[in-house]
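Open the model in your viewer and keep the selection tool handy. We will go from stop to stop, and at each one you will read what to select and what is there.

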Amino acid sequence: MSSLCKAAVAWGAGEALVMQEVEVSPPHPQEIRIKVVTTSLCRSDLSALDSHAIFPRIFGHEASGIVESIGEGVTEFQEGDHVLTVFTGECKTCRQCMSGKSNMCQVLGLERRVSSFSEYTVVHTGCAVKVSSAAPLEKICLLSCGLAAGLGAAWNVADISKGSTVVIFGLGTVGPFCRSSNPISLDINGDSLMGSAKDFGITEFINPNDCNEPIQQVIKRITDGGADYSFECIGDTGMITTALQSCCDGWGLTVTLGVPKVKPEVSAHYGLFLSGRTLKGSLFGGWKPKSDLPSLVDMYMNKEIKIDEFITHNLPFEEINKAFELMREGKCLRCVIHMPK
């Protein structure tokens, strides 16, 4: 049967979300309905809210919850299972899934939608991951997108070698997993987030607004010719060129993670590539969500990776607009929204 619940609805670009009652349909074949327990705010949610998306709309995708009901033909999940939602699915049978080279599922790719700013949400079974019931849902929700994406960008996409120099544009979720000797972070909000980032070994911060010369020249000077790796986590396509210029000749690698609000086209001088630099895109850190996320949850439970330290704020669902304000002002790394019990 259908279910009435509260949801935070976006009615226009940049507008505050409106808390109102919505009707969530029962799950169709190969779908499950999830009672959302926590949903953390991802910067791509902010980018989407501020863009010219189709409204009204319920955003949110970085969530954890409990399976409330299952649709016809569902055998993978049972009522009561603990799950993470994912914005890109994994069918395990298409060419991309079978290749071992990609996590871009041809069947359950980016056209899939998750709306987790709601007490209940319905998703395809390929866009949910069953996890251990012993794992705290209010923590592991971060693995549903941002934290896993940052970890995978460093481990899978860049495969950072020990002793390398790394520069991170934006205090995102990459720094903690950079196996480097000198991780450098650039962020105009560095002062307010410095305490959290220091927990992960980032000791050098640069505020671009404080520099009297192009930031790529600053980076080249302090890294003796350029960083081995750079990560663009802001969602500014213009900054991608700066990240490339901040890398060293020969083998410098730039990985882009951010989702741009405007100007999605990337432009760069061909000479940057003739000199041996590489630009790579990263979707969800290269992880195959259903195959790989359970192992990341296990790593957290075994204290092999950190999650708790990323959570700078916990807020009740009715204060979700405050969470957006904190992110706009650069005052949070991750804000976890707790649904009513």
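## First stop: a pocket

Select strands β2 (18–24) and β6 (120–124): each supplies at least two residues to the lining of the second largest pocket. Helices (H or I, at least four residues) and strands (E, at least two) are DSSP runs, numbered from the N terminus. Before going on, note that this is a predicted model, in which local features need pLDDT of at least 70 and side-chain atom pairs count only at pLDDT 80 or more, while totals for chains, interfaces and linings use all residues. Residues are numbered from 1 along each chain as its sequence is written, and side-chain values use heavy atoms, with hydrogens and water left out.

The second largest pocket holds about 310 Å³ of space. Its lining comprises 17 residues, and those closest to the centre are R113, S115, T121, V122 and V123. Strand β6 gives the most to this lining, with 5 residues. Colour the lining of the second largest pocket by class and you will find 8 nonpolar, 5 polar and 4 charged residues.

Here, a pocket is an open set of points on a 1 Å grid over the protein atoms alone, where a 1.4 Å probe fits, with protein on both sides within 12 Å along at least five of seven lines; lining residues have an atom within 4 Å of a point. Grid points are joined across faces, edges and corners, and the volume is the space filled by probe spheres set on them. Ala, Val, Leu, Ile, Met, Phe, Trp, Tyr, Cys and Pro count as nonpolar, Asp, Glu, Lys and Arg as charged, and the others, Gly among them, as polar.

## Second stop: aromatic pairs

Rings of Phe, Tyr and Trp (its six-membered ring) pair if their centres lie within 6.5 Å; planes under 30 degrees apart count as stacked, over 60 as edge-to-face and the rest as tilted. By this rule there are 3 aromatic pairs. Select F55 and F59: their ring centres are 6.1 Å apart and the planes meet at 75°, so this pair is edge-to-face. Now pick F87 and F284, another edge-to-face pair, with centres 5.7 Å apart and planes at 85°. This pair links distant parts of the chain, 197 residues apart: F87 is in the loop between β5 (82–85) and α2 (95–99), and F284 in the loop between β13 (278–281) and α9 (289–301).

Buried means under 20% relative accessible area, exposed over 50%, and partly exposed in between (1.4 Å probe, protein chains only).

Return to F55, which is joined to P56 by a cis peptide bond with omega about 0°. P56 sits in the loop between α1 (43–49) and β4 (63–70). Most residues other than glycine have a negative phi, and most peptide bonds are trans. Select K303 next: its phi is positive, about 60°, although it is not a glycine. K303 lies in the loop between α9 and β14 (311–316) and is exposed, with a relative accessible area of 77%.

## Last stop: a buried serine

Finally, select S246, in the loop between α7 (237–245) and β12 (253–256). S246 is buried, with a relative accessible area of 0%. Leaving aside residues up to four places away in sequence, S246 touches F169, Q216, I219, G226 and A227; contact means heavy atoms within 4.5 Å.
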